[in-house]
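Look at the model below and keep it in view while reading.

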Amino acid sequence: MIRDERIPADELRRIDEEIRSNWPTGAAVDFEEAIEYHESLPDHKRFADVLESADKPLLQPRAGVPRLDDQIELSKYLHEEGKADLIPTTIDSYTRDNEYEKAQQGLEKARETGDDTLNGFPAVNHGVDGCRKLIDEVDAPIEVRHGTPDARLLAAITFAGGFQSFEGGPISYNIPYTKRHGLEETIEKWQFVDRLAGAYTERGVRINREPFGPLTGTLVPPSIAIAIMLVEGKLAATQGVRSITLGYGQVGNVVQDVAALNALKKLGNEYLPDEVVVTTVFHEWMGGFPPDEARANGVISLGGMTAAIAQPDKVITKSPQEFQGVPTKEANASGLRTTRQVIDMAIEQKIDIDGIEEEQDLIERETRCLMDTIFEHGDGDVVQGTLKAFDSGALDVPFAPSDSAAGAVLPARDDDGRVRIFEWADLEMDDDIKEIHKARLSRRASTEGRDQSFRMVADDVDAISDGKLIGRPQGNV
């Protein structure tokens, strides 16, 4: 039975040796030599220091291509032309599934044809030397972004390769991503990732860890997302991580998004140990985008305005080509510049919006209910509490593909476009909070002249791509 306990040093070494034997590039990892390489990096490439010292939201896109030279060129373009403050290295799908042989085949084909035959950068295949060439060539901090349930080898190679920030977590890279891995399995494997990051941290190389806040990216109630961020943050802190960036995905209502980001920062500092530096990241809209680039820029601009008001430490940007899939580097840079323009115009204004404090209080109350039930289910142990809470349905994520979550909770928007819970299933929550959600959904149903039903949920899922926030029936405003 796994618990929220730090992995002993001898066990860390044993697992490290075992996982590095899974692919030839693992043999090049040398922890002591890696520490020396990290220490040689200039201050402006030290991810945690740059993020934590920023005086306004830093911008980071998503981007990854298979060939090393192309990844270097793409990264430089986004930094120089898009003015990205932080650079991503998005990992390919084969690597995310630990299928390194298929990733190697795709990489060799990309080298032969010049085509992007993988949907990201196969860092394990490029190995320590390839990662370091990328780190050396790009004049900005770089993060590993992926979606990997078992990220142990990826972490070992990229940490040794010079990366100082690593996205994901055992819940946020399980529930929205996979049916193949159970939650207990992913928690155990991510304990190694966090312990390895903690080992670097103890030697003076602070590895920033960033749980994936948007989860399924579809109408996720803020309190559910925040509770999972707090759990993943606590699990990382147990293993020695001291720089943690908690994430949140835009739901589209400015009041609710600002309130949620405020609550995320406040609760992060409350629930995580004092020795952890807590930062926040805001993901621009993760759902369906309009097919028209002009309207897509409107969605991006709303994200920029929300960021200007809430002032998270980092913003993950989107491109106006989001509807069609992987954007060109020019479109990716355009999304960065659009977001920066809105933030720079709005951030120095004092923008007061009614309802933020009230909404923040509601989100905090809901999150505390969920955290209390996790602690109760585990008798204080976060790992056991999380497993048992998901198993009972007391903790749940809507629209989850993973069998580890019931996926029985259904959200819908209220009359202001804030995400409420229409079907609670077994989610643990105080009755008076449930009544608030019911009343606000009833108000919307009255406005639209229809009963509360699953049709509201389905309409809301498609609304943004159709040009609206709320999925109202035709004829309603």
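A pocket is an open set of grid points with protein on both sides within 12 Å along at least five of seven lines, and its lining residues have an atom within 4 Å of a point. This is a predicted model, and its largest pocket holds about 1000 Å³ of space. The lining of that pocket is made of 35 residues, and those nearest its centre are Arg-62, Ala-63, Thr-90, Val-326 and Pro-327. Which helices each supply at least two residues of this lining? They are helix H4 (68-80) and helix H13 (329-346). H4 gives the most, with three residues. Sorted by class, the lining of the largest pocket has 13 nonpolar, twelve polar and ten charged residues.

The largest cavity contains about 110 Å³ of space. Its lining has 14 residues, and Pro-214, Gly-217, Gly-249, Gln-250 and Val-251 are the closest to its centre. Eight residues of this lining are nonpolar, six are polar and none is charged.

The second largest cavity has a volume of about 50 Å³. Among the residues that line this cavity are Leu-41, Lys-45, Phe-47, Ile-135 and Gln-164. By class, its lining has seven nonpolar residues, two polar and one charged.

Now find His-146, in the loop between strand S3 (142-145) and helix H8 (152-160). Is His-146 buried or exposed? Its relative accessible area is 4%, and buried means under 20%, so His-146 is buried. What does the side chain of His-146 meet in a polar contact of 2.7 Å? The partner is the side chain of Thr-148. A polar atom of the His-146 side chain also lies 2.7 Å from the backbone oxygen of Glu-167. Leaving aside residues up to four places away in sequence, His-146 touches several others, including Ile-91, Arg-96, Phe-166, Tyr-173, Tyr-177 and Trp-190.

The last stop is helix H10, which covers residues 222-238 and has 17 residues. From its first C-alpha to its last, H10 reaches 24 Å, close to the 24 Å expected at 1.5 Å a residue. Why can H10 be called largely enclosed by the rest of the structure? The reason is that 16 of its 17 residues are buried. After H10 comes Gly-240, which has a positive phi, near 105°.

Technical notes: Residues numbered from 1 in each chain as written. Predicted model: local features only at pLDDT ≥ 70, side-chain atom pairs only at ≥ 80, totals over all residues. Heavy atoms only, no water. Helix = DSSP H or I, 4+ residues; strand = E, 2+ residues; numbered from the N terminus. Expected span 1.5 Å × (residues − 1). Buried < 20%, exposed > 50% of the residue type's maximum accessible area, 1.4 Å probe, protein only. Polar contact = N/O pair within 3.5 Å; in protein donor to acceptor, adjacent residues only side chain to side chain. Contact = heavy atoms within 4.5 Å. 1 Å grid on protein atoms, 1.4 Å probe; cavity = no way out; pocket = protein on both sides within 12 Å on 5 of 7 lines; lining within 4 Å. Points joined across faces, edges and corners; volume = space filled by probe spheres on them. Nonpolar A, V, L, I, M, F, W, Y, C, P; charged D, E, K, R; others polar.
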